[in-house]
Amino acid sequence: MEQVGIVKEIKGNDAVLEVRRASACGANCGGCSSSCEVAPHFITINNKLNAKLGDIVEIKGETKKILKYTFIIYIVPLVFLIIGIALGNEYFQSNGYENYELLSFAVGILALVISFVVLRIIDNSVAKKGEKVLTISRILSNK
């Protein structure tokens, strides 16, 4: 995966980059009446190439790692939700609750909230390892 970013701030050995996400329709095509305005996204990356404020840089990411983390971010909450609903349904239905579906859904939502705590723990673990998913590969133009 390759992307282009603009250095907006330097923080020690890191650079804060503004990255414009490409819209799904191909922004500014003029084919529809929507404005296709895509808000910028800011990321902090190690500045190994000593990019300066205002530089345009190329960002590269390892596809395997990006897919792995994307899978974790989307699948872990889904699995927690489904397991929470299933366990809640089994428990409440076997104990004779009338509104077992609603109660099961509430347990699923609680499990979903717990999944966000698990994701935070995974995120902190990855941060402690110092594993880099994105890197600045080269400086495209200097300001």
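Glutamate 58 is found in strand 4 (residues 56-61); helices (H or I, at least four residues) and strands (E, at least two) are DSSP runs numbered from the N terminus. The model is a predicted one, in which local features need pLDDT of at least 70 and side-chain atom pairs count only at pLDDT 80 or more, while totals for chains, interfaces and linings use all residues. Residues are numbered from 1 along each chain as its sequence is written, and side-chain values use heavy atoms, with hydrogens and water left out.

With a relative accessibility of 10%, glutamate 58 counts as buried (buried means under 20% relative accessible area, exposed over 50%, partly exposed in between, with a 1.4 Å probe and protein chains only). Its side chain makes a polar contact of 2.8 Å with the side chain of serine 137; such a contact is a pair of N or O atoms within 3.5 Å, where within protein one must be able to donate a hydrogen and the other to accept it, and residues adjacent in sequence count only if both atoms are side-chain atoms. Leaving aside residues up to four places away in sequence, glutamate 58 touches Glu2, Gln3, Thr135, Ile136, Ser137, Arg138 and Leu140, a contact being heavy atoms within 4.5 Å.

The protein as a whole has two helices and five strands, arranged along the sequence as β-β-β-β-α-α-β. Of its 143 residues, 22% are buried. Among contacts between residues at least 6 apart in sequence, 73% join residues at least 24 apart.

A search of the whole structure finds two aromatic pairs. Tyrosine 91 and phenylalanine 92 form an edge-to-face pair, 5.1 Å centre to centre with 75 degrees between the planes. Phenylalanine 92 also pairs edge-to-face with tyrosine 97, at 5.2 Å and 85 degrees. Rings of Phe, Tyr and Trp (its six-membered ring) pair if their centres lie within 6.5 Å, and planes under 30 degrees apart count as stacked, over 60 as edge-to-face and the rest as tilted.
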